[in-house]
Amino acid sequence: MYRNGWIADFPDDINFLSVFQCGSGNNNTNWCNKKFDDLLKQATATPDTAKRYGLYKQAESILTGPNGDMPIAPIYWYTSADQQATNVHGYGFNPMYTVDLTKVSIG
């Protein structure tokens, strides 16, 4: 057993799911499921966000769902807490966990 971590390079689920594709250089589990790979291939070719997320959901179910293969054992997720004054507007994190300060206003 060992600890592994991954931080997104861009804000899309494929950034995390592609790690577990067959033959991925980042797949330290050596787990391989062709149906999972096929769903990811379909998702990356799907421009419609809702449909793409539906395909990701199916792939996630194969990976970690109630009847999934579960080649990993997630033990924690990064979290943080922030406090802001009620007169601050537009402050919030995006999926990359960064803040676009050009959208922040006070008043």
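Guide: A patch is made of residues with over 30% relative accessible area and no salt bridge, with like charges joined within 9 Å and nonpolar side chains (Val, Leu, Ile, Met, Phe, Trp, Tyr) joined within 5 Å. A salt bridge is a side-chain nitrogen of Lys or Arg within 4 Å of a carboxyl oxygen of Asp or Glu. Accessible areas come from the Shrake-Rupley method with a 1.4 Å probe, and for residues only the protein chains shown count as cover.
Guide: This is a predicted model, where local features need pLDDT of at least 70, side-chain atom pairs count only at pLDDT 80 or more, and totals for chains, interfaces and linings use all residues. Residues are numbered from 1 along each chain as its sequence is written, and side-chain values use heavy atoms, leaving out hydrogens and water.

Visitor: Which residues form the nonpolar patch on the surface?
Guide: Ile7, Ile75, Tyr76 and Tyr78 form it, with about 520 Å² of accessible area together.

Visitor: Where is Tyr76?
Guide: Tyr76 lies in the loop between helix H3 (49-64) and strand E1 (88-89); helices (H or I, at least four residues) and strands (E, at least two) are DSSP runs, numbered from the N terminus.

Visitor: Changing topic, which residues form a disulfide?
Guide: Cys22 and Cys32 do, with their sulfur atoms 1.9 Å apart; a disulfide is a pair of cysteine sulfur atoms within 2.5 Å.

Visitor: Why is the disulfide right-handed?
Guide: Because the torsion about the S-S bond of Cys22 and Cys32 is about 100 degrees.

Visitor: And where is Val19 found?
Guide: Val19 is in the loop between H1 and H2. Val19 and Trp6 are 13 residues apart in sequence and 8.9 Å apart in space, C-alpha to C-alpha.
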